[in-house]
Amino acid sequence: MPPRFGKLDLAAWAKSVPTIKGYKTEPWLLKGAKILTINMEIDDDPADFLLPATMHPSIPEYAIFCVTNYPDSPVGAFSIGEVRISGRTGVRPRGFVLRSFCDNEDARRELAARWGYPTVAGDVKIELRHDRVVALVGAGGKRVLECELLDRDMISGGDIQYIASMHLARNEDDGKLVLVQVDPDFTFSKAERGKPRIILLDNDAFGAGDHLRLANPISATFTTADVTLPKIRYICNPELPAMQGTTKVAA
Amino acid sequence: MKFGLFYEISVPRPWGRETEKTVYDNCLEQVALADSLGFDSVWAVEHHFLEEYSHCSAPELFLTACAMKTKKMRVGHGIVVCVPEFNHPIKIAERTAVLDILSGGRLDVGTGRSATWTELAGFRASPDETKKTWDEFVHCLPKMWTQERFSYQGRSWSMPQRTIVPKPYQKPHPPLWVAVTSPGTEIDAAERGMGSLGLTFGGFAEQEEKVKRYRKIIRNCTPVGEVVNEAVSTVNFLYCHEDDAEGIKVGRRLTGTFNYLAAQLLAAREAYPSKSYPSLGLLPSLRQEASGPGDAAGAPEGIAMGNPARIVREMKKWEAVGVDRVNFLLNALETVPQQKVLDSLRLFAKEVMPHFQGASDSASAAAGGR
C-alpha cells in the first residue's frame with residue numbers, strides 16, 4: 001500500500017463541518033446545469049494537509065475549481081462555487097471538497113443536510129463571453145475566487161470525466177465525523193474545453209491557508225448537463241484508510 | 001506459445017541509497033535465470049515520474065544489461081514513448097540500433113505514447129498530439145534504420161539529409177510492435193503491419209474478437225517497415241507455487257499491490273479531456289481484471305497464479321484465443337520475496353512450459369537441473 005496518505009488536521013477542520021441528517025436522501029435531478037471546471041496542479045507536500053487520512057494524494061495532486069449554475073431545483077435556482085483536492089479513496093479517484101459557496105439559503109441548507117456539502121453563503125456567477133467563460137465567487141462583499149476558461153473549443157461530452165466528491169460532515173444521529181461520497185450522474189448536452197486561468201484565489205476563504213499552492217495549469221471545461229445528485233451509497237471513517245473504513249449505506 | 005518477462009520496476013518507499021539498486025539487481029537476477037530456463041523475451045517499459053509504480057525511465061540501459069547477462073532471450077524495448085518531448089526520433093533510431101548490435105540482433109521495439117498526465121505534463125507534451133506523433137514516428141523509424149541517407153519534413157519534426165548510424169544488426173530491421181490499450185489500437189497495429197503488444201485483457205471473448213480482427217486486417221496491411229510483424233502478445237502476472245492456495249494468495253497480493261499503485265497515478269483522461277484518450281489505458285483495465293472476485297478458489301480469470309495445473313489451464317485459454325506470447329509481471333514493490341520469485345519461475349518452466357509448443361524445448365530439463 002502506498003505510504004502517502006492525507007494529513008488533514010481533522011480536529012481543526014471539524015469545527016466548520018455541516019451536519020448531515022442520515023443517509024436516506026432521495027436523488028435530485030437538476031436539469032440544464034452549467035458547469036465550469038478548472039483543473040490546476042498544486043504543490044504536492046503542502047496539499048497533503050488538505051486531504052483526510054482516508055485518502056491518498058493523486059500523483060501529482062491537483063485542485064479542482066468548480067462553479068455550477070443550476071437554473072432549476074426543488075428549492076429554486078442556485079449557483080455553487082467550490083474547491084476540491086484530488087485524491088484516491090483506495091483505488092478510486094475522488095475530490096475532497098474544502099468549501100462550497102452557495103447563493104441560495106434553502107439550497108445551502110438542503111445540500112448540507114442531504115449530502116454533507118460544506119456550504120457557506122456567497123455570491124456565485126458565471127459569465128459567458130465569446131472567447132471565455134468567467135466564474136466569480138464572493139462572500140461578505142469580498143471576491144474569493146475568480147477563474148476562467150479561455151479560448152472556448154467544442155469537444156464531446158463523452159471525453160469529460162468528472163470525479164466523485166468527498167464531503168466531511170457530522171452525522172446527526174451519532175455526532176460522529178464521516179466522509180460522504182457523492183457521485184453525481186451527468187448527461188451532457190454540450191461540452192467545451194479551453195485554457196485554464198485562476199485570476200484570484202483567497203486561500204483562507206476556502207480553509208486552505210498556506211497549503212494550497214497553485215502550480216501547473218491542466219485544463220478547463222465548460223459543460224451543459226442534466227445532473228443527478230444521487231442517493232448516498234458509501235461513507236468513510238475519516239480517520240481510517242478507505243480500504244478499512246468504508247461502509248456501504250445503499251445499493 | 002512463448003513466455004516472456006515484463007518489467008515496470010516498482011520500487012517501494014522509503015528510498016534509501018540501496019533500495020533502487022537492490023530492485024534492479026533482483027530484476028537482473030530474474031532475467032538471467034529466466035534465460036537459462038527458456039523464457040523467450042524480456043520487456044521493459046519507459047515510464048517517468050511514476051513514483052514507486054515504475055522507476056524504469058531508462059529501459060535501454062536496463063535492457064543492455066539484460067542482453068549482457070543472457071544468451072538467447074530477446075530484449076523488448078517497450079514501449080518507447082513516441083512523443084517528441086520525450087524522445088527525439090533520431091535518438092530512438094540510434095539507441096535501438098546500438099541495442100540491437102550489442103544484443104546480437106535480439107531486439108524488439110514496442111511503440112506507444114504514454115497514458116498519464118503525470119508523464120505527459122512532466123515533459124510539457126500535449127495529450128491531443130500524441131497519437132499523431134506516434135504515427136509519424138513509426139513511419140519514419142524503419143526508414144531511419146534502413147536507408148543510408150535519410151531526410152524528413154513532417155508535421156511534428158523534420159531533419160535535413162544525414163546518415164543515421166549505426167544501423168541495426170537484424171536485417172532488414174528489428175520487429176516493430178504497438179502497445180494496445182485503447183479500444184481500436186489493435187487495428188492501428190494491424191493496418192501498419194506491426195505486432196500487437198496487448199496490455200489489457202477484458203475477458204477471453206473480447207480478446208478473441210480483438211485477435212481475429214487484428215489477423216484479418218493485417219493480411220491487407222500497408223506495412224510501415226520492410227517486414228510485417230504479425231504477432232499478438234499480452235501482459236499477465238505470474239506467481240506459480242506447488243500449493244494452489246498459496247499461489248493464489250501470493251498472486252493476489254502481487255496483483256493487488258500493482259493495481260493499487262497504478263490507481264494513484266493521474267490518467268491523462270481524468271485531468272485533460274481529449275478524444276485522443278478514449279480510455280484510461282492500461283492501469284484500470286488490469287486492475288479490474290486482476291481484482292475481480294475470481295473463481296471458487298479466488299483466482300481471477302486469465303491470470304497466471306496458483307499451482308502449475310491451474311496456470312496451464314489459464315494459459316491454454318490464452319493460446320486458444322490466438323495469443324502468441326504472454327509476458328509476465330513478477331513483482332510490485334518487492335511484495336514477493338526474491339527467492340519466491342525465482343522459485344516461481346523455476347516451477348513454471350518445469351511444469352507449465354512443457355505443455356506449450358514453441359516454449360523452450362529445454363525448459364523442463366533446465367529447470368529440473370537447477
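## Close-up views of a predicted two-chain model

**View 1. His47(B) sits in the loop between strand E2 (41-44) and H2 of chain B.** Is His47(B) buried or exposed? The neighbour count settles that: a residue with 20 or more other C-beta atoms within 10 Å is called buried, and His47(B) has 21, so it is buried. Setting aside residues up to four places away in sequence, His47(B) is in contact with Glu8(B), Ser54(B), Cys56(B), Ser57(B) and Glu119(B). For a sense of scale, pick out Lys275(B) too: it is 228 residues from His47(B) in sequence, and the two C-alpha atoms are 22 Å apart.

**View 2. Phe49(B) has a positive phi in the loop between E2 and H2 of chain B.** Its phi is near 70°, and the residue is not a glycine. Phe49(B) counts as partly exposed, with 17 C-beta neighbours inside 10 Å.

**View 3. Glu334(B) is another non-glycine residue with a positive phi, here near 55°.** Look for Glu334(B) in the loop between strand E11 (325-329) and helix H12 (338-352) of chain B. Around Glu334(B) there are 16 other C-beta atoms within 10 Å, so this residue is partly exposed.

**View 4. Helices H2 (residues 59-69) and H3 (residues 89-102) of chain B pair up, their axes coming within 9 Å.** The axes cross at roughly 10°, and H2(B) and H3(B) are therefore roughly parallel to each other. Which residues of H2(B) and H3(B) meet? On the H2(B) side they are Glu60(B), Leu63(B), Thr64(B) and Ala67(B), and on the H3(B) side Arg95(B), Leu99(B) and Leu102(B). Sorted by class, the residues of this contact are four nonpolar, one polar and two charged.

**View 5. Phe328(B) belongs to the largest nonpolar core, a set of 176 residues.** Along with Leu5(B), Tyr7(B) and Val42(B), Phe328(B) is among the residues with the most contacts inside that core. H8(B) gives the most to this core, with eight residues. Zoom in on Phe328(B) and, leaving out residues up to four places away in sequence, you'll find it touching Phe3(B), Leu5(B), Phe6(B), Asn236(B), Phe237(B), Leu238(B) and Ala304(B).

**View 6. Two cis peptide bonds can be found, one joining Ile59(A) and Pro60(A) and one running from Arg13(B) to Pro14(B).** In chain A, omega is about 0° for the bond, and Pro60(A) lies in the loop between strand E3 (56-57) and strand E4 (62-70). In chain B, omega is near -5°, and Pro14(B) is in the loop between strand E1 (2-7) and helix H1 (19-37).

**View 7. Chains A and B meet through 23 residues from chain A and 21 residues from chain B.** On the chain B side, helix H4 (117-122), helix H8 (244-263) and helix H9 (268-271) each supply at least two residues. Which of the elements gives the most to this side? That is H8(B), with four residues. By class, the chain B side has 10 nonpolar, four polar and seven charged residues.

**View 8. Chain A has four helices and 16 strands.** Its C-alpha trace spans about 50 × 40 × 40 Å along the principal axes. A compact globule of 251 residues would have a radius of gyration near 18 Å, and chain A agrees with 17 Å. Of those 251 residues, 49% are buried. Among contacts in chain A with a separation of 6 or more, 70% are between residues 24 or more positions apart.

How values were computed. Residues numbered from 1 in each chain as written. Chains lettered and ligands numbered in written order. Predicted model: local features only at pLDDT ≥ 70, side-chain atom pairs only at ≥ 80, totals over all residues. Contact = placed C-beta atoms within 7 Å. Nonpolar A, V, L, I, M, F, W, Y, C, P; charged D, E, K, R; others polar. Rg over C-alpha atoms; globule rule 2.2 N^0.38 Å. Buried ≥ 20, exposed ≤ 12 C-beta atoms within 10 Å, placed from the backbone. Core = buried A, V, L, I, M, F, W, Y, C linked by C-beta atoms within 7 Å. Axes fitted to C-alpha atoms, helices over the stretch in contact; angles between N-to-C directions. Parallel < 35°, antiparallel > 145°, perpendicular 65-115°, else oblique.
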